[in-house]
Amino acid sequence: MNRINLRKLDHAIKLAETGSYADASKQLHITQSALSRSIQSLEDDLGIKLFDRYKNTGIKITSEGRAVINKAKALLIQSENFLHDMDILKEAKSSSVSFGLGPGLPSVFLPELLSTIAQSHPGLSINVEIEAAYKLTQLLIDESIEFFFSDILHFENRDHSLLNVEYITDLPIGLYAKSSHPLKNHIFQPEDLFSYPLLSAQHNSGHPVLTSKKSESNTAPELTTIRCNDLPTLTRILLNSDAVFIGLPQMLAAQISAGKVIELQFEGKLFQPYSKVCHASLRGRTLSNAANLMKSRIISCLSEQSDHK
């Protein structure tokens, strides 16, 4: 099969919509003979008859032609979206963008995303702040960043009237420990967890529920918690102790894949089993072209991860 010419697909779509060579050629601003050659050439390229021709009644689309037209419309929409993105890229080519991510989120998509963006438009300067949500909020208000993504839990019971906060998706979180942990192969009770240090990044939700469990039990031992935004540090502690990590599985993907870390199973509800990821920007402020591009790419990455949960 020859490479498909999008212009020919556009001609076929217009002919299918109008049902007439005369009307289609007028709307396309070409002659009827040129349109006829284009349609015939497309049918030859595809090896499929798209239209039946009748002397008195004009043309009628075939069942195969209808399927082709539907796919052609989707393909032309993709082509238009591609050209739109290229226009944005051209405008953003010599600009810069600064944005923020809550700890944990970079492991979900950031290395792959930045590699792709750097290759597609090397003139773009990118600055990423990885901080707890309250610090990102201040950076946003100070206009040091244009937007950030974090757990929506941060905004509960807080005044965020200066911000536009948009829920994006849920990402699953769990409890993880080294493969030789005492709780391995056990479905443990909530109170069993208080015997072990609890690790997390500041992005992750769940602590309020866990600590409230402690307050409900006067006999449970003190819960040791370590919050740290440095993932290598958390990982070393996890692998070299009986600590338990609460967070996104992507943060420990390499260790889980290597069999060094396992997910723990428990009864009851210890914490909200997912992170509700949101996007925050200054209310009433228009994002730059580069920021809009980055935002849309991040949302796509998050949606892909959410689909795989």
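This is a predicted model: local features need pLDDT of at least 70, side-chain atom pairs count only at pLDDT 80 or more; totals for chains, interfaces and linings use all residues.
Which strands do the buried residues of helix 6 pack against?

**View A. Helix 6 and the strands around its buried residues.** Helix 6 covers residues 133–141, and its buried residues are Ala133, Leu136, Thr137 and Leu140. Seen down the helix axis, these buried residues fall within an arc of 105°, so they line one face of helix 6. The buried residues pack against strand 3 (96–101), strand 4 (125–130), strand 5 (147–151), strand 6 (163–172) and strand 14 (274–282). Just after helix 6, Glu143 has a positive phi of about 65°.

**View B. The crossing of helix 1 and helix 3.** Two packed helices are described by the angle between their axes and by the distance between those axes. Here the axes of helix 1 (residues 6–18) and helix 3 (residues 32–46) come within 9 Å and cross at roughly 110°. Helix 1 is therefore roughly perpendicular to helix 3. The crossing is left-handed. From helix 1, Arg7, Lys8, Leu9, His11, Ala12 and Leu15 meet Leu35, Ser38, Ile39, Ser41, Leu42 and Asp45 of helix 3. Sorted by class, this contact has six nonpolar, three polar and three charged residues.

**View C. Gln255 in helix 9.** Helix 9 spans residues 253–257 and includes Gln255. With a relative accessible area of 19%, Gln255 counts as buried, because the cut-off for buried is under 20%. Leaving aside neighbours within four places in sequence, Gln255 is in contact with Thr235, Leu239, Lys260 and Val261. Gln255 and Thr235 are 20 residues apart along the chain, and their C-alpha atoms are separated by 8.6 Å.

Methods:
Residues are numbered from 1 along each chain as its sequence is written. Side-chain values use heavy atoms; hydrogens and water are left out. Axes are lines fitted to C-alpha atoms, for helices over the stretch in contact, and angles run from 0 to 180 degrees between N-to-C directions. Helices (H or I, at least four residues) and strands (E, at least two) are DSSP runs, numbered from the N terminus. Angles under 35 degrees count as roughly parallel, over 145 as roughly antiparallel, 65 to 115 as roughly perpendicular and the rest as oblique. A crossing is left-handed if the near helix is turned anticlockwise from the far one by less than a right angle, and right-handed if clockwise. Contact means heavy atoms within 4.5 Å. Ala, Val, Leu, Ile, Met, Phe, Trp, Tyr, Cys and Pro count as nonpolar, Asp, Glu, Lys and Arg as charged, and the others, Gly among them, as polar. Buried means under 20% relative accessible area, exposed over 50%, partly exposed in between (1.4 Å probe, protein chains only). The arc is that of the directions from the helix axis to the C-beta atoms.
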